[in-house]
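Welcome! Try each task before you read its solution.

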Amino acid sequence: MRDSERHIRKTISSSIDIKSRPEIIWDHITNVRIEQFSDPLIFRLLGIPRPLKADLLTEGEGGERIAYFDSGKRFIQEITTWEPLKEYSFNFNPEKGFVVGYIFDISEGVFRVPNGSYYLKEKGDTIELQLATTYSLDKRVYYFFNIPVRLILKSFQKYLLNSIKKNSE
């Protein structure tokens, strides 16, 4: 059985309303600066690296962004969708040895996070910012880890969205 056939893929999403202009929000999702925000205690207890920043190197589909974490590891993100002020999607591509939860190497282990997307939608005087994250779990551990992974990813999304909101408003 090929490695990709052994994993079950799911997508989870969260959203937040932000009172700001789309251009400002777009800048804060493509060039992220959140090192000033403290992460939830549960992330530190669970061994989840804290995101610090992400730098856009090249705009557009096929472009690149690098996300930095307090563990010293990075995501070398490849941009897959680039629709300014509407949608921004990317493959995560974590460095080998990018460990979460003390034991899960998300670059090649039983738990992976292959891609994510941001969507901006105007709602009157606010912008709804949605973050969708695709994750995969090996079928052998899916039923044991799926619910905890979903809860942690949902919390992580809320943390990122709230940080972007604070920077944008």
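**Exercise 1. Contacts and overall form**

Task: Among contacts between residues at least 6 apart in sequence, find what share joins residues at least 24 apart.

Solution: Keep in mind that this is a predicted model. In the protein chain, 55% of the contacts between residues at least 6 apart join residues at least 24 apart.
Next, look at the overall form. A compact globule of 169 residues would have a radius of gyration near 15 Å, and the protein chain, with 16 Å, agrees with that. The C-alpha trace spans about 50 × 35 × 30 Å along its principal axes.

**Exercise 2. Helices and strands**

Task: Work out how many helices and strands the protein chain has, and in which pattern they follow one another.

Solution: Start by counting: there are 3 helices and 10 strands. Then read along the sequence, and the pattern is β-α-β-α-β-β-β-β-β-β-β-β-α.

**Exercise 3. Surface and charge**

**Exercise 4. Two residues with positive phi**

Task: Locate leucine 85 and asparagine 93, and say what their phi angles are.

Solution: Begin with the background: most residues other than glycine have a negative phi.
Leucine 85 is not a glycine, yet its phi is positive, about 70 degrees. Leucine 85 sits in the loop between strand E5 (74–83) and strand E6 (87–91). Its relative accessible area is 33%, so leucine 85 is partly exposed.
Asparagine 93 also has a positive phi, about 50 degrees, although it is not a glycine. Look for asparagine 93 in the loop between E6 and strand E7 (99–100). With 36% relative accessibility, asparagine 93 counts as partly exposed.

**Exercise 5. A residue in a helix**

Task: Is leucine 153 buried or exposed, and which residues is it in contact with, leaving aside neighbours within four places in sequence?

Solution: Find leucine 153 in helix H3 (residues 142–168). Buried means under 20% relative accessible area. Leucine 153 has 11%, so it is buried.
Now set aside its neighbours within four places in sequence: leucine 153 is in contact with Ile12, Thr133 and Tyr135. Finally, compare leucine 153 with alanine 132: they are 21 residues apart along the chain, and their C-alpha atoms are separated by 10 Å.

Methods. Residues numbered from 1 in each chain as written. Predicted model: local features only at pLDDT ≥ 70, side-chain atom pairs only at ≥ 80, totals over all residues. Heavy atoms only, no water. Helix = DSSP H or I, 4+ residues; strand = E, 2+ residues; numbered from the N terminus. Rg over C-alpha atoms; globule rule 2.2 N^0.38 Å. Contact = heavy atoms within 4.5 Å. Buried < 20%, exposed > 50% of the residue type's maximum accessible area, 1.4 Å probe, protein only.
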